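Colleague: Could you walk me through this one? I would like to go over a helix and a few residues around it.

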Amino acid sequence: MDEIKKSYEILGLPALADKQEVEDRYSMLLKRERARIKQNPGTNTQKEADFELITAAYKRILAYEDEKYREEFNKQEYGKYRKLSGPAQKIDHFWRYYKFHTLGSILLIILIIYGISSYLDQQEEKRRIAALPPVDVNLTFLGTFASKEDDDKNEKLNAALLADFPGWGRFDGKIVFVPQDEMNQPAYLQKATVVVATEFDDVYVTDEFMLGWMGKQGAFLDLGAEPELAPLLNESNSMKFATVDDPEEKIYAIDLSKTSFIKTIPVIGGKFYAGIRVNGENPEKSVQFLKHYLETSN
C-alpha cells in the first residue's frame, strides 16, 4: 500500500485519487515531456529518468485499480458461495475462457460415440443378413400402396409371402409410395426413379399409373413368351401394351387383383398389376411366383 501511495505522490496527486484524475494527470505530464523533447532535442538523462518514474507509477496505479475492481467484482459475483467461492471462481473463469473448446470437445465425443454405434449396428445388420437364406424373389410395390401394419411392415410382408411358398427361403419386399395427385407426385416419382435405376428387383407390383410409367419403358419381360405362364393368361388377367422400343403389343404384366395374392399380403391398394423385370436376379422363381397366384384366379 505504501508503494501505491508513493506512486500517487510521484504523479502529484492525493492518495487514492480517482482513476479519471490519474488519467488526466498522466496525460498532462506526457504532453509536457513531449513538448520538452521537441524544444530541447538534446539528451537530458535526468528528465528522462524522472519521466520513467512517472510512467512506472502510473502503471502501478492502473494495475492496483484493475486488481481492486476484480476483487470487488469477485466478491459480488462469488461471495454467495462463501468457502467455495475460490473453486466457483475458477470454474467460472474456465467456462468463460474455454466454453467453446469444451462444447466442441463434447460434440466431438458425441459424434465419435455415434459413429462407433452406427458402425457396430451396421456390422450387426450385415451379420444378420449374412446368416439369412438367399433371397428367392425381390418384390417392390410401386404406386398408391400402403402397409396394413404400423411397424415392421417389410418383415410382416415378407413373412406373409413366404407362407404361400413353404419351400422357399426368403422374400425381400418393400413399398415405394407414389401418389396420384399432380402436386405431390413429382417428388415421389423422383424417388421411384432412383429406386428403379439402382435396385434391380425381380417383380414389381404397380397400380395403373405406375404400370404405364414403368412398363412402357420396356422394363418388363414378355410374359406371353414364358411357357409356364402362357396357358394361364387370358383377356381378363393380361395387361397387353406396346413399349417405346417395340410397337407390337405384348403381355408385360398380369392383374393379381382377383387372385389370393391380395388376401395374402398386408398391403392396401386398388389394382395390383405385376410384371417381371427384364434384368432381375431371379427370373425363374419370378415366373413361378406369378404362376402360383395366376392358378388361384377367381
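Modeller: Gladly! A polar contact here is a pair of N or O atoms within 3.5 Å; within protein, one must be able to donate a hydrogen and the other to accept it, and residues adjacent in sequence count only if both atoms are side-chain atoms. Helices (H or I, at least four residues) and strands (E, at least two) are DSSP runs, numbered from the N terminus. This is a predicted model, where local features need pLDDT of at least 70, side-chain atom pairs count only at pLDDT 80 or more, and totals for chains, interfaces and linings use all residues. Residues are numbered from 1 along each chain as its sequence is written, and side-chain values use heavy atoms, with hydrogens and water left out.

Colleague: Thanks! Which residue caps the N-terminal end of α7?

Modeller: Look at the backbone nitrogen of Phe209: a side-chain oxygen lies 3.4 Å from this atom.

Colleague: Which backbone nitrogen does the side chain of Thr206 reach?

Modeller: Thr206 itself is buried, at 0% relative accessibility. Its contacts (heavy atoms within 4.5 Å), not counting residues up to four places away in sequence, include Phe145 and Leu211. At 3.3 Å, its side chain reaches the backbone nitrogen of Leu211.

Colleague: How many Å apart in space are Val137 and Asp202, C-alpha to C-alpha?

Modeller: Val137 is in strand β1 and counts as buried, with 0% relative accessibility. Leaving out residues up to four places away in sequence, Val137 touches Asp202 and Val203, among others. Val137 and Asp202 are 65 residues apart in sequence, yet their C-alpha to C-alpha distance is 6.0 Å.

Colleague: And Tyr119: what is its relative accessible area?

Modeller: Tyr119 is found in helix α4, residues 85-131. Tyr119 counts as partly exposed, with a relative accessible area of 48%.

Definitions and conventions:
Buried means under 20% relative accessible area, exposed over 50%, partly exposed in between (1.4 Å probe, protein chains only).
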